[in-house]
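Dear colleague,

Please find below the structure that I am handing over to you. My findings follow it.

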Amino acid sequence: MFRQVGRNRIELVQGDITRQQVDAIVNAANSALAGGGGVDGAIHQAAGPSILEETRRRYPEGCPTGSAVATRAGRLSAKYLFHAVGPIWRGGTSGEDELLRSTISACLDLAEAYSCESVAFPAISTGAYRYPLDLAAQATLETISARLAASENLKLVRMVLFGEGAYGQFSRVLESLALTDVSNFREGGAVGSDVDSTPKRPLPSE
Ligand code: APR
């Protein structure tokens, strides 16, 4: 499923984020940038040890909740990794909504700073950090669509959902965001796809 936002697009796909061919892949990291399980573990395993070396060297203080930092992408088919630290869900009264929106915004700032045309996000905070999927989808998709509407460089944001439950929740929210323009929606094409047909731009030299 996708939604066209002006000349740009939000896509939802079900799949593994490590296999996406986009300019930048977002990692759901912890504030120590220490690696971990879930999508963080999968990304570090696929990208290789150069990522932890780079985070230790460039960001020895880690990264506060609500923000994100960039590294190169190692063996992944992307130019950059954005390590984003979402909030731990504590019942919803500890600023979680604002922090999650801030985390997503920080990644979109990095996408702009690094001139990315395409970015893939996982459902940040919805695993080990226990953020309810429906509320995470609302905060995440509202933040992305607001920014994409005004974006010059960034043309595609792809949400890569792990499993049918997450895909279903994000789809419902994306549909509700677009009630005023149902012609924006197409079902079927992107689901299950993990390959972007957009030609890859060459990696910048070191
Ligand atoms: N591709 C896409 N999504 C994935 C993948 C994958 N390969 N693996 C897991 N996910 C999904 C999960 O199903 C969940 O919906 O990513 C979402 C985020 O879950 P987590 O990875 O647990 O991230 P988060 O909830 O933000 O917790 C971050 O977990 O692994 C640690 O170091 C990480 O401490 C940090 C914490």
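Leucine 33 sits in the loop between β3 (24-28) and α1; helices (H or I, at least four residues) and strands (E, at least two) are DSSP runs, numbered from the N terminus. Its phi is near 50 degrees, a positive value in a residue other than glycine. Leucine 33 is buried, with 24 other C-beta atoms within 10 Å; a residue is buried if 20 or more other C-beta atoms lie within 10 Å of its own, exposed if 12 or fewer, and partly exposed in between, with C-beta atoms placed from the backbone.

This is a predicted model: local features need pLDDT of at least 70, side-chain atom pairs count only at pLDDT 80 or more, and totals for chains, interfaces and linings use all residues. Residues are numbered from 1 along each chain as its sequence is written.

Arginine 130, in the loop between β6 (118-121) and α4 (133-149), also has a positive phi, near 60 degrees. Arginine 130 counts as exposed, because it has 11 C-beta neighbours inside 10 Å.

The ligand is surrounded by 25 residues, and the closest are Ala28, Asn30, Gly36, Gly38 and Gly127; the criterion is a C-beta atom, placed from the backbone, within 6 Å. Helix α1 (residues 38-47) gives the most to this shell, with 5 residues.

In α5, the buried residues include Tyr167, Phe170 and Leu174. The buried residues of α5 pack against β1 (2-5), β2 (8-14), α4 and β7 (156-161), where contact requires C-beta atoms, placed from the backbone, within 7 Å.

With kind regards

Terms used:
Two residues are in contact if their C-beta atoms, placed from the backbone, lie within 7 Å.
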